[in-house]
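Student: I have a model open and would like to go through it with you. Can we start with the charged side chains?
Tutor: Fine, go ahead.

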Amino acid sequence: MNGVIVSAADLSKRVATAEGALDILSGVNLEIKTGERVAIIGVSGSGKSTLIGLLAGLDTPTQGEVTLAGERLDRLDEDGRARVRAGRVGFVFQSFQLLPGLTALENVMLPLELAGLAEPRRDARELLERVGLGSRLSHYPQQLSGGEQQRVAIARAFAMQPTILFADEPTGNLDSATGARVIDLLFDLNRERRTTLVLVTHDEHIAARCERHLYLEAGRIVDRR
């Protein structure tokens, strides 16, 4: 049996608003095993993005525990959480989050260079060719379509061969046809590289490609399938 790569126990997140305290997540418990593909499903405002941010160590909970790759994230400061993420965690966001001053090749090279790997240019080029952008290496993000930018982001996410990949509404800014191609690519790379995938989506068709579904409603998991 595969080990657990990420888990949450009694996880809650409360924020202050002008109207008072708002509970975004309440008492969430989950386990995700290495190699699983899990969809986190819910309407806008149900807490999906907050949950994935906590599981990835991008945010801290108000209460509860998160364990990622054997490390209790809630006991670590930001530097400690960054250390756990480094080389283990990849991200694909709805908004692409490419650096506008870097070319496609440089955007994918960056995490490889920061990690001190020997052949960052070669590895980044191979990944961009794999996602169908071998002819766009020197293009800047503003010279690429939305679908192309997301493919660069996927290449960057897989560059460090992460153990787990978090994808937050990766087709949210794309038309349906482009989004379908991006999802095909994401699942193809996930299968090839045996990466655990945690995918936030409101699209049941995309979620159907995952083995397990967690349904969020008003900050609580209301169903598991």
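Student: Is Arg-136 buried or partly exposed?
Tutor: Arg-136 counts as partly exposed, at 21% relative accessibility. Buried means under 20% relative accessible area, exposed over 50%, and partly exposed in between, with a 1.4 Å probe and protein chains only. This is a predicted model, where local features need pLDDT of at least 70, side-chain atom pairs count only at pLDDT 80 or more, and totals for chains, interfaces and linings use all residues. Residues are numbered from 1 along each chain as its sequence is written, and side-chain values use heavy atoms, with hydrogens and water left out.

Student: Which side chain does Arg-136 meet in a salt bridge?
Tutor: Glu-148, at 3.0 Å from N to O. A salt bridge here is a side-chain nitrogen of Lys or Arg within 4 Å of a carboxyl oxygen of Asp or Glu. Arg-136 sits in the loop between α4 and α5 (146–158), and Glu-148 in helix α5, 12 residues apart. Helices (H or I, at least four residues) and strands (E, at least two) are DSSP runs, numbered from the N terminus.

Student: And Glu-148, buried or exposed?
Tutor: Buried, at 14% relative accessibility.

Student: How many salt bridges does the structure hold?
Tutor: The structure holds 15. One of them joins Arg-130 to Glu-192, with the closest N and O atoms 2.5 Å apart. Arg-130 belongs to helix α4 (residues 120–130) and Glu-192 to helix α6 (residues 176–193), so that pair links distant parts of the chain, 62 residues apart. Both ends are partly exposed: Arg-130 has a relative accessible area of 32%, and Glu-192 one of 44%.

Student: Which residues are linked in a network of salt bridges?
Tutor: Glu-65, Arg-72 and Asp-74.

Student: Which side chain has a polar contact with Asp-168, then?
Tutor: Ser-49, at 2.8 Å. A polar contact is a pair of N or O atoms within 3.5 Å; within protein, one must be able to donate a hydrogen and the other to accept it, and residues adjacent in sequence count only if both atoms are side-chain atoms. Asp-168 itself is found in strand β7 (residues 164–168).

Student: Lys-48 is in which helix, and how many of its residues are buried?
Tutor: Helix α1 (residues 48–55); 6 of its 8 residues are buried, so α1 is largely enclosed by the rest of the structure. Lys-48 is among the buried ones, as are Leu-51 and Ile-52.

Student: Switching topic: how many aromatic pairs are there?
Tutor: A search of the whole structure finds 2. The rings of Phe-91 and Phe-93 have centres 5.7 Å apart and planes at 10°, so they are stacked. Rings of Phe, Tyr and Trp (its six-membered ring) pair if their centres lie within 6.5 Å; planes under 30 degrees apart count as stacked, over 60 as edge-to-face and the rest as tilted. Phe-91 also stacks with Phe-166, at 6.1 Å centre to centre and 20° between the planes.

Student: How buried is Phe-166?
Tutor: Its relative accessible area is 2%.
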